[in-house]
Amino acid sequence: MHILKIITKNAFRHKLRTFLTILGVAIAILAFGLLRTVISAWYAGVEASSASRLVTRNSISLIFPLPLSYRDKIRQIDGVKLVSFGNWFGGIYIDEKNFFANYAVEPKSYLELYPEIVIPQDQKKAFLQDRKAAVAGRILIEKYGWKIGDIITLKGTIFPGNWDFVIHGIYTGRDKTVDESAFVFHWDYLNETLKKTAPMRADQVGWYMIGVTNPNLAADVAVKIDNAFKNSLAETLTETEKAFQLSFISMTEAIVIAIKIVSFLVIFIIMAVVANTMAMTARERIGEYAIFKTLGFGGWHIARLIFGESLLITIIGCAFGIALTFPAADIFSSALSTYFPIFNVATKTLYMDIAASILVGLVAAVFPTWRAIKIRIADGLRRVG
Amino acid sequence: MEGKAPIVEIEHLFKSYHRGDQILPVLNDITLNIDETEFLALMGPSGSGKTTLLNLIAGIDRADSGTIRVGSVDITSLSETELAQWRATNVGFIFQFYNLIPVLSAFENVELPLLLTDLSKRDRREHVEMALRIVNLSDRMDHYPGQLSGGQQQRVAIARAIVTDPTILVADEPTGDLDRVSAIEILGLMERLVHELGKTIIMVTHDPRAAKKAHIIMHLDKGVLNAHPQNYY
């Protein structure tokens with residue numbers, strides 16, 4: 001007979017209590033895992049950002065445009081390999097609740113700069129040839145049941161009017177960090193239309209996307225770009241793609257912090273629940289621990305029994321919690337794909353789940369173990385029966 | 001009794017308990033020798049210090065002063081860890097309420113003290129089977145305590161007490177929770193342990209019939225040992 005056998009038998013002595021505690025741990029780990037995944041989803045853009053790309057925008061605010069003429073000047077700066085640009089379109093598909101990211105880009109340079117956006121060659125060719133063409137991410141296509149050749153009408157909010165686009169391509173991500181729920185179309189289509197309807201707004205871009213020759217030179221190139229437009233009517237702010245993404249997150253940082261706090265509170269609460277279970281268990285078995293001590297088992301053996309039992313319960317709970325996290329994340333992802341286009345349970349989250357369950361198991365066992373070790377054998381034996 | 005070496009030597013033993021500011025003396029200058037293969041019964045009214053004396057001899061409590069030697073070891077000078085190791089190999093315990101672990105089978109309960117030894121699994125099995133054979137419970141080794149009668153549970157407890165072949169066996173009211181027939185059976189078994197296996201037993205009991213099975217009966221009253229033991233040799 002091994003000590004593990006005693007631990008297992010002890011853990012399942014009160015089946016209902018153990019089952020409920022395991023259930024509690026599983027739900028806590030599920031909640032913790034989902035909350036951590038929400039945080040990861042929040043940072044998905046940052047994770048996906050490349051070290052060799054810069055973003056240049058108006059130094060006052062992103063809502064102020066930059067002249068198209070900056071493109072050629074940026075191209076001439078040392079260290080710049082490729083320049084693309086885009087405008088946030090903010091169009092609505094049928095109803096406002098159907099939100100998805102949609103923006104106008106210079107398609108050729110954009111696809112060159114973002115190799116993680118994968119489009120079949122024939123679709124890519126068709127997309128580049130037709131000015132009214134658009135490509136949409138796989139998730140968007142599946143959500144609305146669009147097909148190649150479908151005409152999609154978006155109602156402009158920033159750029160008024162109904163805008164028709166022909167779906168010529170479906171893109172997928174090269175890896176899981178790529179947002180597959182965006183809608184991208186030709187900047188020329190937007191600009192040519194604006195020239196007719198609102199000439200003052202034509203030849204303006206929302207931001208430039210810049211590929212650098214060497215990621216190590218990104219900071220220097222950014223400074224050079226901003227220096228080139230100093231004292232102009234539209235001064236620029238150039239930063240790495242990661243910093244650009246983080247600037248968006250900083251706007252909602254309070255929410256992220258709140259979610260982080262709640263995720264740790266969940267763990268703290270379950271720690272209290274498991275500690276209570278272990279305290280009850282140890283109190284009931286104090287006589288048995290005295291018997292073990294009478295037979296010659298030392299404090300270390302008693303500690304192993306209690307810590308082992310506590311860890312067994314939390315690790316089983318953790319395993320169930322992790323097993324539940326994946327289907328729950330799938331449901332969550334489907335329901336909230338608009339807000340969290342990238343909602344993947346990260347390996348790091350799983351490690352955190354395991355670490356949290358081990359921590360809960362260890363902390364919950366400390367007090368009962370101390371109590372069981374400290375009690376005098378004669379006092380413990382009086383509690384038998 | 002003559003010619004036997006004392007296996008337990010107690011000299012000027014004092015023990016008291018503290019209750020708040022009060023000091024309650026429990027044992028008062030106890031001096032006692034117990035010879036090898038002796039079957040000693042300690043009797044006395046409740047609160048006379050019988051169980052306390054038994055606990056001190058078994059190394060599960062600490063004396064205020066005095067010495068207790070068991071075999072060649074002065075157990076009053078041992079640390080807690082040393083005392084635990086000493087108990088594991090030198091003392092077998094038989095309790096009134098059997099004190100078996102309910103989630104372990106009879107076999108596993110008897111095997112418990114052997115987990116602290118270096119014996120292989122096979123050797124442990126042999127020891128356990130032999131101990132259960134001695135108490136005539138070989139056919140119940142897979143039963144759990146809840147599936148056994150009181151008498152059978154006490155026999156499992158005795159098997160657990162003897163499985164490590166300890167120097168002394170201490171029994172605290174071993175028949176206190178048993179019916180008459182089971183009590184006779186257990187006392188008979190204890191006699192066999194003394195006569196056939198050469199064990200030394202120190203038994204605390206209230207039951208005069210149980211005490212009569214012992215070789216010597218000693219009385220404790222208010223922490224003082226009766227100077228004239230009854231000898232039933």
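Which residue in β12(A) does A:Leu54 stand opposite? Select both strands and look across: the residue facing A:Leu54 is A:Thr240. A note before going on: this is a predicted model, in which local features need pLDDT of at least 70 and side-chain atom pairs count only at pLDDT 80 or more, while totals for chains, interfaces and linings use all residues. Residues are numbered from 1 along each chain as its sequence is written, and chains are lettered from A and ligands numbered from 1 in the order in which they are written.

**Stop 1: a strand pair in chain A**

Select residues 53-58 of chain A, which form strand β1, and residues 236-240, which form β12. Helices (H or I, at least four residues) and strands (E, at least two) are DSSP runs, numbered from the N terminus. The two strands run antiparallel and are joined by five bridges. Strands count as paired if DSSP finds at least two bridges between them. Strands of a sheet pair through backbone hydrogen bonds, either parallel or antiparallel.

Four of its five residues are buried. A residue is buried if 20 or more other C-beta atoms lie within 10 Å of its own, exposed if 12 or fewer, and partly exposed in between, with C-beta atoms placed from the backbone.

**Stop 2: helix α9 of chain A**

Select residues 218-228 of chain A, which are helix α9. Colour A:Ala218, A:Val221, A:Ala222 and A:Ile225, which are buried. These residues lie on the same side of α9(A), because they cover an arc of only 105° around the axis; the arc is that of the directions from the helix axis to the C-beta atoms. An α-helix has 3.6 residues a turn, so residues three or four places apart point the same way.

What is on the face of α9(A) turned away from the buried side? The exposed residues A:Val223 and A:Asn227 are there. Back on the buried side, the cover includes β1, α4 (70-75), β3 (80-88), β11 (207-212) and β12 of chain A.

**Stop 3: two packed helices**

Select residues 15-42 of chain A (helix α2) and residues 347-374 (helix α14). Two packed helices are described by the angle between their axes and the distance between the axes. Here the angle is about 145° and the axes are 10 Å apart. Axes are lines fitted to C-alpha atoms, for helices over the stretch in contact, and angles run from 0 to 180 degrees between N-to-C directions.

Residues of α2(A) that make the contact include A:Val25, A:Ile29 and A:Phe32, and those of α14(A) include A:Met352 and A:Ala356. Two residues are in contact if their C-beta atoms, placed from the backbone, lie within 7 Å.

**Stop 4: chain A as a whole**

Zoom out to chain A, which has 15 helices and twelve strands. Its radius of gyration is 29 Å, well over the 21 Å that the globule rule gives for 385 residues, so chain A is more spread out than a compact globule. The radius is taken over C-alpha atoms, and the rule is 2.2 Å times the number of residues to the power 0.38. The C-alpha atoms of chain A fill a box of roughly 95 × 45 × 30 Å along the principal axes. Of the 385 residues, 38% count as buried.

**Stop 5: where the chains touch**

**Stop 6: chain B and its sheet**

Chain B has seven helices and eleven strands. The radius of gyration of chain B is 17 Å, close to the 17 Å that the globule rule gives for 233 residues, so chain B is as compact as a globular protein of that length. Buried residues make up 48% of its 233 residues.

Select the open sheet of four strands, whose order is β2-β1-β4-β5 with antiparallel pairing. Its edge strands are β2 (22-35) and β5 (73-74) of chain B, each of which pairs on one side only.

Walk across the sheet:

- β1 (residues 6-19) of chain B is joined to β2(B) by ten bridges, and B:Leu13 stands opposite B:Ile30.
- In the hairpin of β1(B) and β2(B), two residues lie between the strands, and B:Gly20 takes a positive phi near 65°.
- β1(B) is joined to β4(B) by five bridges, with B:Arg69 as the bridge partner of B:Glu9.
- β4 (residues 65-70) of chain B pairs with β5(B) over two bridges, and there B:Asp74 is the bridge partner of B:Arg69.
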